[in-house]
Amino acid sequence: MKQKLMVWVRSLMRATRTDSGMTTSEYAVGTIAACAFAAVLYKVVTSAPVMAQLQSLLKDALDAKF
């Protein structure tokens, strides 16, 4: 009985170890994708039309009558 339990526990441990998380290459690809998205977002937010809209929005918000 004890032997069967040990075999079952070992097989369960092997089964759970097969997919324990992301590998280093997956982290690298995820990091590169996040940096690329941040760069694109930065370019969009700092573009002239978006800056003009943000300034207009802030000006209107500060000039609001209560």
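Modeller: The expected span of a helix is 1.5 Å times one less than its number of residues. Helices (H or I, at least four residues) and strands (E, at least two) are DSSP runs, numbered from the N terminus. The structure considered here is a predicted model, in which local features need pLDDT of at least 70 and side-chain atom pairs count only at pLDDT 80 or more, while totals for chains, interfaces and linings use all residues. Residues are numbered from 1 along each chain as its sequence is written, and side-chain values use heavy atoms, with hydrogens and water left out.

Biologist: How many helices and strands does the chain have?

Modeller: The chain has 3 helices and 0 strands, in the order α-α-α along the sequence.

Biologist: What span should α3 have, and how far apart are its end C-alpha atoms?

Modeller: The 15 residues of α3 should span 21 Å at 1.5 Å a residue, and the end C-alpha atoms lie 21 Å apart, in agreement.

Biologist: How is burial to be read, and what share of the chain counts as buried?

Modeller: Buried means under 20% relative accessible area, exposed over 50%, and partly exposed in between (1.4 Å probe, protein chains only). Of the 66 residues in this chain, 0% count as buried. Helix α3 is hardly covered, with a count of 0 buried residues among its 15.

Biologist: Which residues form the nonpolar patch?

Modeller: A patch takes residues with over 30% relative accessible area and no salt bridge; like charges are joined within 9 Å, nonpolar side chains (Val, Leu, Ile, Met, Phe, Trp, Tyr) within 5 Å. Here F37, V40, L41, V44, V45, M51, L54 and L57 form one on the surface, with about 720 Å² of accessible area together. The elements giving two or more residues to it are α2 (24–45) and α3 (48–62), and α2 supplies the largest share, 5 residues.

Biologist: Where does V45 lie, and which residues does V45 touch?

Modeller: V45 belongs to helix α2 and is partly exposed at 36% relative accessibility. Contact means heavy atoms within 4.5 Å; not counting residues up to four places away in sequence, V45 touches V50, M51 and L54. F37, also in α2, is exposed at 58%.

Biologist: Which side chains meet in a salt bridge?

Modeller: A salt bridge is a side-chain nitrogen of Lys or Arg within 4 Å of a carboxyl oxygen of Asp or Glu. The whole structure holds 1, between D63 and K59 (3.6 Å, N to O). D63 is partly exposed at 46% relative accessibility, whereas K59 is exposed at 52%.

Conventions:
Areas by Shrake-Rupley, 256 points an atom, 1.4 Å probe, with all protein chains shown as cover.
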